[in-house]
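Thank you for making time for this; I would like to walk through one structure with you, going from loops to helices to charged pairs. Please keep the view open while I talk.

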Amino acid sequence: MVFLFGYVRPQKFELLVREYDEYRGVYCSLCKELGKRYGLAARLSLNYDCTFYAVLMLSVRKDGTAAFTKGRCCVNPLKKCYYCRRGGNGDIFADACALTVILTYYKLLDNIHDSGAVKKFLYGAVYPLAALKHKKAAAGFPEFEGIVSGAMETQAKIEKSDKPGIDLCAHPTAEMISRILEVSAGKLNTGESTARIFRSMGYNLGRWIYLIDAADDLESDIASGSFNPFAVKFSLGKKSGADEISAAKKYANGVLNMSLSQIAEAADLLGMNSLGSITRNVILKGLPQMQKELLFKKEKTNVGPI
């Protein structure tokens, strides 16, 4: 099962100073909120992907733009950070924190399942604490819990089937993100049109996340014998050469570009406030840059900002 962690981030050097401060403000606010709701250790689960979720939700709010203020860093008191003032943003950060904890828990389960003995032991050592925090998040946000746990079960069944296709493999993660964004749109009362846009954007974003992770892990999955949809499609194994793997990654690049174009088209239809510039940076520049870095580390490619 593929979870969010690390792929959905902005292209920092293209952000204005104000935009970067606001993005960091959302990130630091999530860190602070995670500590308040789930304890200090929960802050270690903070990631770019759930930060993007919070930025996206804040950017489509109809009751004005989020306000930011400076304060002391909750981890390093000698450092000053920007924080997003709560106001009507409290529910957004509560949702983002719950998603972070729930997704971290299932990622840990996935790691325990797929790892060797040493890593399995290390992941197992932190499992009791993760399970405790997950229980709290799941009880407070049962809809998110149902969406994520259902996606995990479906993914496991698909990957155990006989040579499943790439689209089928990507569907559970795509549907998971689609439903999360749709539910979140309903909570913000943004209207049916925004919910429809979120369904499309979420599906293609989830599909992109699953496939970029699969393409990035292609060599390691081949070496370990782990399931990988691109390895299945191209019949790759430990004896496969570099040219064969390169051909699979070029194919992956084309498939990923189709998802990127659909995400961008959906974003163009959203009515966003001033934080929308950060959302657009992530979608139009951050995702393509991440794709380029992961798929073509030593090659020049035409993958660039949309």
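This is a predicted model: local features need pLDDT of at least 70, side-chain atom pairs count only at pLDDT 80 or more; totals for chains, interfaces and linings use all residues.

Lysine 163 sits in the loop between helix H5 (142–160) and H6, where helices are DSSP runs of H or I with at least four residues, strands are runs of E with at least two, and both are numbered from the N terminus. The phi angle of lysine 163 is near 45°, a positive value in a residue other than glycine. Lysine 163 counts as exposed, at 65% relative accessibility; on this scale buried means under 20% relative accessible area, exposed means over 50%, and partly exposed is in between, with a 1.4 Å probe and protein chains only.

Residues are numbered from 1 along each chain as its sequence is written, and side-chain values use heavy atoms, with hydrogens and water left out.

Another positive phi, about 50°, belongs to serine 235, although serine 235 is not a glycine. Serine 235 is found in the loop between helix H9 (229–233) and helix H10 (242–269), and it counts as exposed at 59% relative accessibility.

One further loop residue is lysine 79, which lies between strand E1 (68–72) and strand E2 (80–84) and counts as partly exposed at 40% relative accessibility. If you look from lysine 79 to alanine 170, 91 residues apart along the chain, you will find their C-alpha atoms separated by 41 Å.

Let me turn to helix H6 and its neighbours. The axes of H6 and H7 come within 6 Å and cross at roughly 140°, the axes being lines fitted to C-alpha atoms, for helices over the stretch in contact, with angles running from 0 to 180 degrees between N-to-C directions. That makes H6 oblique to H7, given that angles under 35 degrees count as roughly parallel, over 145 as roughly antiparallel, 65 to 115 as roughly perpendicular and the rest as oblique. H6 passes H7 in a right-handed crossing; a crossing is left-handed if the near helix is turned anticlockwise from the far one by less than a right angle, and right-handed if clockwise.

Which side chains form a salt bridge with a closest N to O distance of 2.8 Å? They are arginine 199 and glutamate 182, and a salt bridge here is a side-chain nitrogen of Lys or Arg within 4 Å of a carboxyl oxygen of Asp or Glu. Because arginine 199 lies in helix H7 (residues 192–216) and glutamate 182 in helix H6, the pair ties together parts that are 17 residues apart in sequence. Both partners are partly exposed, arginine 199 with a relative accessible area of 27% and glutamate 182 with 30%.

Aspartate 95 counts as buried at 7% relative accessibility, whereas lysine 187 is partly exposed with a relative accessible area of 43%.

The structure holds 9 salt bridges, and one of them joins arginine 18 to glutamate 19, with the closest N and O atoms 3.8 Å apart. Arginine 18 is partly exposed at 39%, while glutamate 19 counts as buried at 8% relative accessibility. Arg18, Glu19 and Glu22 are linked in a network of salt bridges.

There is one more helix pair to look at. Helix H2 (residues 48–59) and helix H11 (residues 276–295) pack at an angle of about 135°, with their axes 8 Å apart. That makes H2 oblique to H11, and H2 passes H11 in a left-handed crossing.
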